[in-house]
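Subject: Structure handover

Hello,

Here is the structure you asked for, with notes on what turned up in it. Please load it first and read the notes alongside.

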Amino acid sequence: MSQWNQVQQLEIKFLEQVDQFYDDNFPMEIRHLLAQWIENQDWEAASNNETMATILLQNLLIQLDEQLGRVSKEKNLLLIHNLKRIRKVLQGKFHGNPMHVAVVISNCLREERRILAAANMPVQGPLEKSLQSSSVSERQRNVEHKVAAIKNSVQMTEQDTKYLEDLQDEFDYRYKTIQTMDQSDKNSAMMNQEVLTLQEMLNSLDFKRKEALSKMTQIIHETDLLMNNMLIEELQDWKRRQQIACIGGPLHNGLDQLQNCFTLLAESLFQLRRQLEKLEEQSTKMTYEGDPIPVQRIHMLERVTFLIYNLFKNSFVVERQPCMPTHPQRPLVLKTLIQFTVKLRLLIKLPELNYQVKVKASIDKNVSTLSNRRFVLCGTNVKAMSIEESSNGSLSVEFRHLQPKEMKSSAGGKGNEGCHMVTEELHSITFETQICLYGLTIDLETSSLPVVMISNVSQLPNAWASIIWYNVSTNDSQNLVFFNNPPPATLSQLLEVMSWQFSSYVGRGLNSDQLNMLAEKLTVQSSYSDGHLTWAKFCKEHLPGKSFTFWTWLEAILDLIKKHILPLWIDGYVMGFVSKEKERLLLKDKMPGTFLLRFSESHLGGITFTWVDHSENGEVRFHSVEPYNKGRLSALPFADILRDYKVIMAENVPENPLKYLYPDIPKDKAFGRHYSSQPCEVSRPTERGGKGYVPSVFIPISTIRSDSMEPHSPSDLLPMSPSVYAVLRENLSPTTIETAMKSPYSAE
């Protein structure tokens, strides 16, 4: 079943998450119509290869043209219209930057895999629960309701202000009419009645002025409460969700809703400000003893202006955190002299600001809080925000060509560029702009989440560990001295984040049994429900009896899965995280030939398989092959190894002992679709291949002593041609072959 078919079968709550990341950059119609073709392309590789990305973009447009031809025959007018529009948008948007479309599609496919993994997880972790609590959703609805109520109230005061203006104009007309009357007319009864009418109008005017000011005061008070008690809190929650999303958690959304709230509030405050200015004009034209406008207006205007300033300062956000396009799953880790992208948004979307707001990017602006190392940003670091910059019409700006470069030291020599950089050292990218609107000048500043600077990709794993630890441990977005004394993290949260690394990076998260194994490896506990873990234990101290840390071990496994066994992992056929003790408990009662796949605990980036069989006297035996690492798996796909694996036992003919994947899945049923070639058959030296050569293949072979219940050593993968193997069998005894093939490594 294709990935897209699996997505369509998800529950509605997961489908809503999928809906969030499909927009004009990559419309869902295209994902649906070209599902299989899209999934068959290597978009991730294309995101780092312009030539490949260009070809894929051209092929995508060709596929669209073919779909257009098909639907044209069906006379589906609506679909024809949409496809033509989509094709035009894609060609215009990505023609000059084909790698960007590869990044977009790669991210969408990866996010789909993460959501599928989350849907298959039986237990929701504490972090994800906190992000999706009902109280948060209820507050979102309350904020939107209150913003709408404030907008409606301001519309009402707009009508009050207009009524006051009309009432004052009528009063002014009547008053001037009296002033132009003859002296004799002024003493008439009609005149006295007119004076009484004017007095009533003045009383009404005074009442309406006080009423309007009272309503405006109430609106200002409600806006103040909404901003400080709910809206800013909602924004902070969004920023926290963004933090979690950066380290592989659920896709953060809600920014469009926040933009709507910020924009409506800004429009309401500016409208209220204009109403106060109109009241001032009215008071200037006509005032009287006890006039409330001169007394209250100045203070109210100050409060409205303060709220506008505060609203703008909070509306300037980093929509997409700094990330190198070459490592989309590792945001906030930047390499010197390598371009990265970052996107800013102003949540107050006013047409008057389009192309009028210029944003400047800098790094380590507050240098007093940092180490001795200093950086500058090369490339275009000043750009104007525009509505056209974003597909959803937000007022935003994206920097795509910034490069961090280390400055020379104060002594005049070169800095540390190219040398080892401390991956626990945090830096910050700052963005500044100035808003000039309706007579107000507002300086804005915001910063990215802390970033880690590296000079070599070999530093990426430890740098990423720092990013994980920081963002899981604190809500503070600017604690650049965090690693001076890093706090412990709760084990339950940390293991949840570990599962996210697998779901976001290799498409399938970890289940409770796998997480329990990791908990045992990190602590003496067999449960991950509580407890704390230190930063040193996670990333700095070696595992007991090993020469590497827990994180180094886990990162090597992620790399192994990504590069060599990804389809098997996504299908769920790799148990992976299981101890040798648990492995034997699982296999001991199974049919002979039952095996499982697990990651090596003693070899970095190694995977092994263990099978069970019975001796002649019925005793259960377990056999584990020496772990295969990336070097060996580069020579032969792992699925082919499982298919062709042979064991030589005493004088017996070599045979494949692997029959059933745990618990009882026939091996070919599990791995058949992943085999990359025909099964290897041993050839005789007299058989000839093309051009007179003897056919050559790689054969994975192990030997097991007949006089031992278990192998003394794990097996080795030998690149042996069939002809050589046949000659060995004819001229050497099984004992001699066994001795020659004996592995120098200790048992796994």
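The UniProt record, an unreviewed entry, places a "coiled-coil region" at residues 262-289. UniProt positions follow the numbering used here, feature names are shortened, and annotations may be inferred rather than shown by experiment. In the model, residues 262-289 are 86% helix and 0% strand. Helices (H or I, at least four residues) and strands (E, at least two) are DSSP runs, numbered from the N terminus.

Ground rules. This is a predicted model, where local features need pLDDT of at least 70 and side-chain atom pairs count only at pLDDT 80 or more, while totals for chains, interfaces and linings use all residues. Residues are numbered from 1 along each chain as its sequence is written, and side-chain values use heavy atoms, leaving out hydrogens and water.

Cysteines
A disulfide is a pair of cysteine sulfur atoms within 2.5 Å. The count is zero disulfides. Take cysteine 323: the closest cysteine sulfur, in cysteine 246, is 8.5 Å away, too far for a bond. Cysteine 323 is buried, at 13% relative accessible area. Buried means under 20% relative accessible area, exposed over 50%, and partly exposed in between (1.4 Å probe, protein chains only). Cysteine 261 is buried too, at 3%.

Aromatic pairs
Rings of Phe, Tyr and Trp (its six-membered ring) pair if their centres lie within 6.5 Å; planes under 30 degrees apart count as stacked, over 60 as edge-to-face and the rest as tilted. The count comes to 27 aromatic pairs. One of them joins phenylalanine 270 and phenylalanine 312: centres 6.3 Å apart, planes at 70°, so edge-to-face. Phenylalanine 270 sits in helix α13 (residues 255-285) and phenylalanine 312 in helix α14 (residues 292-315), so the pair ties together parts 42 residues apart in sequence. Phenylalanine 270 is buried at 4%, and phenylalanine 312 is buried at 1%.

Tryptophan 569 and phenylalanine 599 make a tilted pair, 6.0 Å centre to centre with 40° between the planes. Here helix α19 (residues 550-570) supplies the tryptophan and strand β14 (residues 594-599) the phenylalanine, so the pair ties together parts 30 residues apart in sequence. Tryptophan 569 is buried at 1% relative accessibility. Phenylalanine 599 is buried at 1%.

Charges over rings
A charge sits over a ring if NZ of Lys or CZ of Arg is within 6 Å of the ring centre and within 35 degrees of the ring normal. Arginine 330 does this over tyrosine 505, 4.5 Å from the ring centre. Arginine 274 does it over tyrosine 438, 6.0 Å from the ring centre.

Contact means heavy atoms within 4.5 Å; neighbours within four places in sequence are left aside in what follows. Glutamine 242 lies in helix α12 (residues 189-246). Glutamine 242 is buried at 4%. Its contacts are His252, Val318, Glu319, Arg320 and Gln321.

Leucine 449 is in the loop between β10 (440-447) and β11 (451-454). Leucine 449 is buried at 5%. Its contacts include Gln243, Cys246, Gln321 and Leu332.

Best wishes
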